[in-house]
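Let's take a friendly walk through this structure together. Please have the viewer ready as you read.

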Amino acid sequence: MTDPRPAAASAMPPARGGRLDPRGLAFVNPQGGLDRAAHLRGDAEALAAFRADPQSRVIGLWRGRPLFDAQGLHLLPCADPVLAGIDGLELFVGLADGRAIFARDLSAFEPEGERPDGAAFFDPSEQRHPDLPEGVVFAELRGRMGLLTPAEAEIAATARAMLEWHRSHSFCSFCGAASVPEQSGWQRRCPDCERPHFPRTDPVVIMLITRGNEVLLGRGPHWPETMYSALAGFMEPGETFEAAVRREVFEEAGVHVGPVRFVASQPWPFPASLMLGCHGIATSSEITIDPVEIADARWISRERLLGVLAGRDPEISPPRAGAIAGWLMREWLADRLD
């Protein structure tokens with residue numbers, strides 16, 4: 001659906017409710033605890049010393065699923081026998097709490113029992129390595145992201161996004177030859193045409209659209225029946241985030257949006273996006289959905305949204321803990337977006 005009229009470019013009024021609260025926003029570390037130490041990525045001697053240091057740790061991932069224990073991420077010593085027995089790409093994540101952190105792709109491991117259902121919206125299955133302690137499992141990050149500390153979440157998001165990039169970008173996009181990792185996994189190079197390739201992050205606008213006392217929520221075509229969220233979509237080349245917000249909302253729901261303000265961002269490593277959280281003010285209310293894009297969209301009141309977040313609404317389930325959509329809703333209810 002294409003909006004034939006140019007959107008209003010009026011400015012969003014300043015927030016009236018005070019400072020935004022970053023708590024509860026997964027993969028966002030206000031303290032910036034991970035030192036990515038880019039200057040060390042090509043230093044083979046320093047990296048070898050880190051691997052020999054008993055304080056260094058490795059985050060292992062199996063098909064994008066990190067290792068967890070009851071407390072959070074389960075990091076392994078570099079000399080752990082499990083790592084020695086599984087071939088897979090290793091990359092240097094950075095420095096955290098004074099120790100080096102590496103990530104290792106353990107996807108070559110063949111676990112017994114239940115395997116993830118690739119067609120499922122969310123697969124809660126867990127996989128266990130027999131040589132790891134009881135209770136240590138590979139699990140879907142989206143199901144546990146709200147339980148991680150900011151430092152753990154930052155490490156997990158970085159490791160997952162990077163390893164997934166390697167898994168999906170193993171060939172040169174210019175000549176088609178197999179590329180090879182360099183710079184401790186932060187770069188790939190084609191041995192034939194010598195072109196370097198760097199990790200990509202896809203910007204996505206996710207917007208809480210309000211109109212007076214109501215907020216616009218939508219449901220994706222393949223989502224569970226009670227799952228509604230803020231509308232979202234990938235930015236296109238040559239677009240500002242404000243233009244992307246207006247375009248996506250009109251394409252998906254037929255609603256016109258005027259003022260738009262950027263609120264906060266969230267890394268979203270599924271597989272490698274940056275969610276640009278925005279607040280937009282609707283200038284129309286009639287909804288006309290594009291059924292290819294969304295299954296349903298509706299306006300709900302501020303009072304009903306309180307019930308949704310509390311888990312008391314019979315038709316709409318509360319948003320996933322840690323995701324920016326629910327965070328935007330809570331900030332709006334606290335009058336920190338208006």
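What follows looks at a sheet and its helix, and then at the aromatic rings.

Keep in mind that this is a predicted model. Let's begin with an open sheet whose three strands run in the order S7-S8-S9, with antiparallel pairing. The edges belong to S7 (180–182) and S9 (196–197); each has a single partner strand, so one side of each is left without a neighbour in the sheet. Between S7 and S8 (residues 187–189) there are three bridges in the antiparallel sense, and Pro181 has Arg188 in S8 as its bridge partner. Helix H4 (residues 150–168) packs on this sheet and touches S7, S8 and S9, with its direction at about 15° to that of S8.

Now for the rings. A search of the whole structure turns up eight aromatic pairs. One of them joins Phe27 and Phe270: the centres are 6.1 Å apart and the planes meet at 55°, so the pair is tilted. Phe27 sits in the segment before helix H1 (44–52), while Phe270 is in the loop between strands S13 (257–268) and S14 (273–282), so the pair ties together parts that are 243 residues apart in sequence. Phe27 is buried, at 4% relative accessible area, and Phe270 is buried too, at 16%. Ring pairs also bring Trp268 into a cluster with Phe27 and Phe270, and the charged end of Arg142 sits over the ring of Phe270, 5.1 Å from its centre.

Elsewhere, Arg195 lies over the face of Phe174, 3.9 Å from the ring centre.

Terms used. Residues are numbered from 1 along each chain as its sequence is written. This is a predicted model: local features need pLDDT of at least 70, side-chain atom pairs count only at pLDDT 80 or more; totals for chains, interfaces and linings use all residues. Side-chain values use heavy atoms; hydrogens and water are left out. Two strands pair if DSSP finds at least two bridges between them. Helices (H or I, at least four residues) and strands (E, at least two) are DSSP runs, numbered from the N terminus. Contact means heavy atoms within 4.5 Å. Axes are lines fitted to C-alpha atoms, for helices over the stretch in contact, and angles run from 0 to 180 degrees between N-to-C directions. Rings of Phe, Tyr and Trp (its six-membered ring) pair if their centres lie within 6.5 Å; planes under 30 degrees apart count as stacked, over 60 as edge-to-face and the rest as tilted. Buried means under 20% relative accessible area, exposed over 50%, partly exposed in between (1.4 Å probe, protein chains only). A charge sits over a ring if NZ of Lys or CZ of Arg is within 6 Å of the ring centre and within 35 degrees of the ring normal.
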